[in-house]
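Colleague: I am new to this structure and would like to go through its aromatic rings with you, one step at a time.

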Amino acid sequence: IEVDKRAQGQQEQQVTILLHKPMGYVSGQAEDGHTPAVALINPRTHWREDPGRMRFSPPQLRGLAPAGRLDIDSVGLLVLTQDGRVARQLIGEDSTVDKEYLVRVQYGEIATDVQAAFPAAQLARLCHGLELDGQPLKRAKVEWQNPEQLRFVLTEGKKRQIRRMCELVGLKVVGLKRIRIGRVTLGNLPVGQW
């Protein structure tokens, strides 16, 4: 197979953008009057400390799609890309790229020192042994980050997976932030900037 030189040039111009998604934005298409996260990609929201040389231009918005979802009430790292190869690597059926989240939880009425009240056996179930939609979940890494916050590392991304997993063991999610996808971390990228 030989790839046309023009096609190679076009492939090189495709962009992938990292965004710190704030609460209240949907990751995909606009729905129920909610604004899609792609609306935040403009010259004013470009992070001043971006080490890349790329500057904003309107054609970068064409075909820009989220590689994975982040719920309207979740914040953190969202990848938007024009490149299908990048999307497949991150969210394709055979993707092994892990995603890391910080999840603030409550256990019944307990909102402080949740770790002390939450049974160790239930934490073990979060790591392995739960199923959603009749399908067993892949093994996850779940551990306490501090007494009110769990750290989840997942290799799959079912709809509202972390919230639903927590519900199955009696936890209520009160805050969810994605901080890493593979080797890419959110770092100190400000909320609402890319």
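Colleague: Does Tyr-107 count as buried, partly exposed or exposed, and at what relative accessibility?

Modeller: Please bear in mind that this is a predicted model. Buried means under 20% relative accessible area and exposed means over 50%, with partly exposed in between. Since Tyr-107 has a relative accessibility of 23%, the residue counts as partly exposed.

Colleague: How many aromatic pairs are there, and what kind of pair do Tyr-107 and Phe-118 form?

Modeller: The count comes to 3 aromatic pairs. For Tyr-107 and Phe-118, the ring centres are 5.2 Å apart and the planes stand at 90°, so this pair is edge-to-face.

Colleague: Where in the chain do Tyr-107 and Phe-118 lie, and how many residues apart are they?

Modeller: Tyr-107 belongs to strand 4, whereas Phe-118 sits in the loop between helix 3 and helix 4. The pair therefore links distant parts of the chain, with the two residues separated by 11 residues.

Colleague: Is Phe-118 buried or exposed?

Modeller: The cut-off for buried is under 20%. Phe-118 has a relative accessibility of 6%, and so the residue counts as buried.

Colleague: Which residue forms an aromatic pair with Phe-118 at 6.2 Å centre to centre?

Modeller: The planes of this pair are at 75°, which makes the pair edge-to-face. The partner lies in strand 7, so the pair ties together parts that are 26 residues apart in sequence.

Notes:
Residues are numbered from 1 along each chain as its sequence is written. This is a predicted model: local features need pLDDT of at least 70, side-chain atom pairs count only at pLDDT 80 or more; totals for chains, interfaces and linings use all residues. Side-chain values use heavy atoms; hydrogens and water are left out. Rings of Phe, Tyr and Trp (its six-membered ring) pair if their centres lie within 6.5 Å; planes under 30 degrees apart count as stacked, over 60 as edge-to-face and the rest as tilted. Helices (H or I, at least four residues) and strands (E, at least two) are DSSP runs, numbered from the N terminus. Buried means under 20% relative accessible area, exposed over 50%, partly exposed in between (1.4 Å probe, protein chains only).
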